[in-house]
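Here is a friendly briefing to read alongside the sequence and the 3D view. Please keep both open as you go through the points.

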Amino acid sequence: MATQHLSSALPAPAVSAAYPMAKPGYGKRSAPGEQARTRDDFALLPTRERYVAGFVDHLPDGAAMSVKQLAKQLPLYGQQAISTALKALSVAGHLRRVRCSVGSGDESRWVFRTFWSRTARDNEWWNTYLATENASRTTVPVKPPAPTAVPQQRTAPEATPDPAPTPAPAPATTPTAPPTVPTPPPAAFSPAYLALAQLGRNEHRLGLSADDCTTLEPLAAQWLDRGVTTDYLTSTLTAGLPAQIDSPAGLIRRRLIDKLPPRLPDTTSTASAAPNTPAPTRRLLVECTDCGRPGQPEALPDGLCHPCHTAHSAGGPPSPDPTQIAAVKAHMANLRDLLKPV
């Protein structure tokens, strides 16, 4: 747990109505069993952590929880300070960062969430709650829609001659409209093609032609086949661009090849599964609040992986090697001797 430090922290700024919301399924998600807000919430936290916690607590569910977005709204602290504060709030039992895979087959995608609890929870509570969340993520098989019956055109039966026909008034009938022939849907583009075509809208230096998108589509499809989202693909392709781009297609092709993500163990194909066989439950993974390394909830106490938890418990990074310290001191002594006046 975080060091208890009774603080008269600054009140967190009010949440602006224009605060960005994450895409559906992402962002903040409140944990159940919350107590009512009081003026003493987070009173045992240090000043910075209490300030950040008060702001996050008032964010609505689904709000963006990236360090960059939080730093934009909290001008007192930069991104590094916000990241350190979130790590302390994780250790104090107020939040956990998780990732989980939703959907199946070609519709599978990663969802990143930040679970928030105003009430500080211990590791046992978080592990139990996240296990419950994981159990509720069992994929329900969707039966394929029944084929639409095409109405057969009825033909009038052949009339048989009647030796003594009895004339009868014909019933009034309304003229029936001719059957409408459904028009075929327009050719659909793949998610990989659409992601490439959208690059020029988000970054004008990466405008691609239709031929470029068609040529690069197989490379982009490999990314989506490995479980990443189109947003992840777009952000990776547009990050750290040079000032001048002479060949957008060449740059994108190079990045699609060089930055291809690895396959994840749980991205298994369900194509051979029977239609009514439930798909296997995808595990919910906790991310280290400090470095982002994923793992099972039990393997990340306080929301930190083992190296980050060890560094946090030690109060910071490991101390330098004593041999190096002695060498530096000797070097400084030699410099002082050289600078002495003759």
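F42 sits in the loop between β1 and α1 (47-57); helices (H or I, at least four residues) and strands (E, at least two) are DSSP runs, numbered from the N terminus. This is a predicted model, in which local features need pLDDT of at least 70, side-chain atom pairs count only at pLDDT 80 or more, and totals for chains, interfaces and linings use all residues. Residues are numbered from 1 along each chain as its sequence is written, and side-chain values use heavy atoms, with hydrogens and water left out.

- F42 is not a glycine, yet its phi is positive, at about 65°.
- With a relative accessible area of 9%, F42 is buried; buried means under 20% relative accessible area, exposed over 50%, and partly exposed in between (1.4 Å probe, protein chains only).
- D302 also has a positive phi of about 65° without being a glycine, and its place is in the loop between β5 and α9 (306-313).
- D302 counts as buried, at 11% relative accessibility.
- As background, most residues other than glycine have a negative phi.

**The protein overall**

- The protein has 10 helices and five strands.
- Of its 342 residues, 32% count as buried.
- Among contacts with a separation of 6 or more, 68% come from residues 24 or more positions apart; a contact means heavy atoms within 4.5 Å.

**The sheet**

- Five strands make an open sheet with mixed pairing, in the order β1-β3-β2-β4-β5; two strands pair if DSSP finds at least two bridges between them.
- β1 (27-30) and β5 (294-295) are the edge strands, each with a single partner, so one side of each has no neighbour in the sheet.
- Four bridges link β1 to β3 (residues 109-116) in the parallel sense.
- Along that pairing, R29 stands opposite F115, and S30 has W116 as its bridge partner.
- β2 and β3 are antiparallel and share eight bridges.
- Here R96 stands opposite F115 in β3, while V98 has R113 as its bridge partner.
- On the β4 (residues 285-287) side, β2 runs antiparallel and is joined by three bridges, with V98 opposite V286.

- In β2, eight of eight residues are buried, leaving the strand mostly covered.
- L95, R97, R99 and S101 point one way from β2, and R96, V98, C100 and V102 point the other way; all are buried.
- In a regular strand the side chains alternate between the two faces of the sheet.
- Six of the eight residues of β3 are buried, so β3 is largely enclosed by the rest of the structure.
- Helix α3 (residues 79-91) lies across β2 (95-102) and β3, and runs at about 90° to β2; axes are lines fitted to C-alpha atoms, for helices over the stretch in contact, and angles run from 0 to 180 degrees between N-to-C directions.

- The largest pocket holds about 1,000 Å³ of space. On a 1 Å grid over the protein atoms alone, a pocket is an open set of points where a 1.4 Å probe fits, with protein on both sides within 12 Å along at least five of seven lines. Grid points are joined across faces, edges and corners, and a volume is the space filled by probe spheres set on the points.
- Its lining has 26 residues, with Y26, S66, F112, D231 and S235 nearest the centre; lining residues have an atom within 4 Å of a point.
- α2 (67-73), β2, β3 and α7 (230-238) are the elements that give two or more residues to this lining.
- α7 supplies the largest share, five residues.
- By class, the lining has 11 nonpolar, eight polar and seven charged residues. Ala, Val, Leu, Ile, Met, Phe, Trp, Tyr, Cys and Pro count as nonpolar, Asp, Glu, Lys and Arg as charged, and the others, Gly among them, as polar.
- T236 is also placed in helix α7 and counts as buried, at 17% relative accessibility.
- Leaving aside residues up to four places away in sequence, T236 touches W223, R255 and K259.
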